[in-house]
Amino acid sequence: MGTERQRLTEAEKQEIRRHIDANKPLPEKYRFLLFEDKREVELVWNGKTNQVCNMVLPFQTIEHVDEPREEAPDLSATGDLFSFDARGRQDAGWTNKLIWGDNKLILSSLKNGPLRDEIEKQGGLKLIYIDPPFDVGADFSMDLEVGDGGDKFTKRPNILEEIAYRDTWGKGADSFIAMIYERLILMRDLLAEDGSIYVHMGPFIQGDVKAALDEVFGRNNCLSEIIWKRTSSHNDPNKPGNIHDMLFYYSKSERRTWNQQYQPHDSSYIEKVYVYEDERGRYRLDNITAPGKSGGVTGQVWRGVDPGASGRHWRRDPAELELLLKDNRIQLKSDGKPSLNGWKQYLDDSKGVPLNSIWDDLPNVTGISGEKLGYATQKPETLLARVIKASSNSGDLVADFFVGSGTTAAVAEKLGRKWIATDLGKFAIHTTRKRMISVQRELKKQDKPYRAFELLNMGKYERQMFVVTASPLTPDPSPPEGRGENEREQQLVEMQAAKDKEFLDLILRAYQAQAATGYRTFQAMKAGRLVAVGPVNMPVTRLFIEELILECREKKITRVDVLAFEFEMGLFPQALDEAAAKGIDIQPKHIPAEVFDKRAVDRGQVAFYDVAYVEATPHFQEPHKLAIQLADFSVFYSQDANDQVIRDMKDGSSKVIVDSGQVVKVSKDKHGTVTRDVLTTKWTDWVDYWSVDLDYESKRELIHSQDAETGEWNRVWTGDFTFENEWQSFRTKKDRSLELVTPYFDLSAKPGRRKVAVKVVDIFGNDTMKLLEVTV
């Protein structure tokens with residue numbers, strides 16, 4: 001019989017009324033006095049909800065990357081066949097996925113969308129490793145090198161990344177747990193039944209994350225709490241130095257993949273145990289018998305010794321013992337009989353110590369390791385190799401939804417796994433792209449198989465999705481049904497609308513534009529041009545431009561400025577060319593960070609900069625040969641509110657800033673005199689990567705579209721094309737040089753007129769494309 005819940009006293013009722021009237025939260029004790037006790041431990045945080053995103057957005061294939069093979073590898077032994085075209089590029093079979101966007105939307109679309117079927121055909125998602133940012137107040141900036149001279153500057157997160165970090169850490173642990181909890185549920189549902197997940201956490205919030213994992217995966221599915229010793233020493237004032245991270249290892253069910261791994265023996269153990277040495281190396285001596293008599297072959301007399309006489313039996317069949325003896329692995333006594341303690345076991349034959357939960361043998365990434373890419377949270381490949389080897393098999397599909405510098409994808413490729421990798425940061429995606437091309441080249445040199453990978457965006461092609469997910473900065477003529485149905489929701493909507501209007505007014509004031517009404521997609525006008533302001537919390541997408549073009553054609557608008565913090569990858573120049581063909585001049589402009597400096601706005605000092613400019617030149621050689629030269633590249637960035645940065649500098653200090661398309665070292669001497677030294681002395685200093693598609697319109701971009709009546713998914717053409725990355729040159733940490741002319745390509749197999757696409761990625765990770773029409 002259950003226990004009746006305790007009645008409230010009059011004093012307690014009055015206290016509750018006082019808190020409600022004052023709009024204050026109730027003391028924790030009332031949680032247990034007002035509601036039934038729960039039998040299980042539960043993690044509770046402010047704003048906890050069980051609602052999980054179920055939106056399905058299409059994936060745009062922006063780029064297909066594959067290092068051409070001399071000839072197709074034979075993969076019949078693994079049963080993992082995929083075909084290649086005449087260029088040696090993969091054109092069938094699973095293609096690895098590198099996806100840019102919010103991982104909540106990505107996970108929801110993978111779980112509920114058509115790509116789920118493709119994942120299941122690969123046997124399902126077997127392993128997830130994530131290393132989410134966990135450091136409250138962390139500076140997510142990173143140092144980048146400029147050109148080939150070795151100068152560095154600090155790249156700050158872009159606006160989208162800053163908003164994401166603010167939403168993640170704005171309320172401390174509450175907002176982080178809310179973020180990770182929903183994503184863990186989506187990951188669990190996406191995992192195969194025999195799949196596993198490793199969640200890598202630093203010291204700050206391990207306990208809360210462990211409780212969330214217990215709630216999502218079940219405490220019984222917690223397989224290990226792994227301690228990784230990431231550094232040998234660390235000095236934390238007034239407390240023990242923290243030198244470890246945690247990896248929480250969970251399975252989805254009792255079924256899971258586990259391949260026993262081994263750690264090397266400790267040096268002191270080797271010195272103590274492997275005390276003998278011969279020409280083969282160090283060894284120890286072990287007994288060749290085991291306790292207990294045996295009536296089988298292991299109990300027989302061998303070389304004059306009866307093991308049963310001492311109540312024991314041979315640990316190997318005498319025939320095997322004979323082979324060991326011939327291989328000089330068993331010692332004989334002076335009388336020619338085997339020494340029972342004379343089994344020579346060599347150190348080189350030992351796999352090591354079976355893996356335990358303390359990993360102190362895998363050092364962190366350092367500058368001398370050759371892996372370091374500039375990411376503060378970058379993890380060593382040896383760590384990911386251990387995880388992937390232990391919990392997946394060759395050909396399995398693994399994923400990392402906070403991929404950062406791309407370590408999980410790189411190790412998965414080297415170990416013959418398929419992979420999905422995602423990140424919100426465009427620079428992280430670019431870093432991973434370069435790293436994976438390097439892995440393809442490395443495997444090609446070693447004559448090992450590798451897969452193509454494709455670069456994906458989250459597409460938004462249906463108006464309903466566009467309206468629901470767009471920022472409030474974008475006018476919403478048809479709010480979703482149910483919005484504002486109760487007073488609290490209405491208050492939140494009105495408060496958000498007021499904030500958005502204030503922010504929009506600030507942007508338009510900074511751009512020195514006048515507000516305009518009567519338009520769906522435009523908010524202002526400047527010098528005879530209409531102005532559209534893009535979302536603050538996501539990139540301007542193709543659909544945004546399509547909506548804008550539609551209104552332009554309806555109202556005979558010909559000149560437009562589009563202001564945005566971020567533009568979708570692969571958006572230009574196709575979208576601008578399409579608009580120009582319809583008589584519409586669209587000028588895209590980046591909103592600079594200075595827009596948040598009200599003093600700079602008031603002084604009219606905020607400069608909105610254009611997207612980058614690319615110039616490329618074709619070179620011809622008979623018969624039907626073509627080379628492409630990168631001839632010029634210009635950017636117009638300003639990264640910070642630089643006047644304020646300079647004002648805040650201390651006398652005798654220096655700082656590298658980005659100002660009006662130049663990287664500048666600003667120095668302030670002891671008298672406060674400021675001097676500037678421009679580090680980007682030539683246009684190539686801004687180029688981090690460039691690549692070429694020799695026949696841009698040969699691969700149509702197809703997306704999945706669901707039939708509203710039948711619910712079936714069909715592949716439809718978006719009207720755009722996928723960039724096939726056929727040649728590229730890029731800078732690395734080790735090699736800062738950049739080729740500016742491609743080799744000559746023989747295009748005689750398909751002579752005639754074609755479009756060649758040239759893509760350039762700058763040192764910030766932003767891409768720009770140029771189309772050349774040529775005849776070969």
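Guide: Start with burial. Buried means under 20% relative accessible area, exposed over 50%, and partly exposed in between, with a 1.4 Å probe and protein chains only. This is a predicted model, where local features need pLDDT of at least 70, side-chain atom pairs count only at pLDDT 80 or more, and totals for chains, interfaces and linings use all residues. Residues are numbered from 1 along each chain as its sequence is written, and side-chain values use heavy atoms, with hydrogens and water left out.

Visitor: Is Lys434 buried or exposed?

Guide: Lys434 has a relative accessible area of 14%, so it is buried. Its place is in helix H12; helices (H or I, at least four residues) and strands (E, at least two) are DSSP runs, numbered from the N terminus.

Visitor: Which residues does Lys434 touch?

Guide: Contact means heavy atoms within 4.5 Å. Leaving out residues up to four places away in sequence, Lys434 touches Asp688, Tyr689, Phe730 and Arg731.

Visitor: How many residues of helix H11 are buried?

Guide: In H11 (residues 407-414), 7 of its 8 residues are buried. Those buried residues pack against several elements, including strand S2 (96-100) and helix H12 (426-445). Gly416 follows H11, with a positive phi near 75 degrees.

Visitor: At what angle do H3 and H6 pack?

Guide: Axes are lines fitted to C-alpha atoms, for helices over the stretch in contact, and angles run from 0 to 180 degrees between N-to-C directions. H3 (residues 103-112) and H6 (residues 173-190) pack at about 25 degrees, axes 9 Å apart. That makes H3 roughly parallel to H6 (angles under 35 degrees count as roughly parallel).

Note on methods. Parallel < 35°, antiparallel > 145°, perpendicular 65-115°, else oblique.
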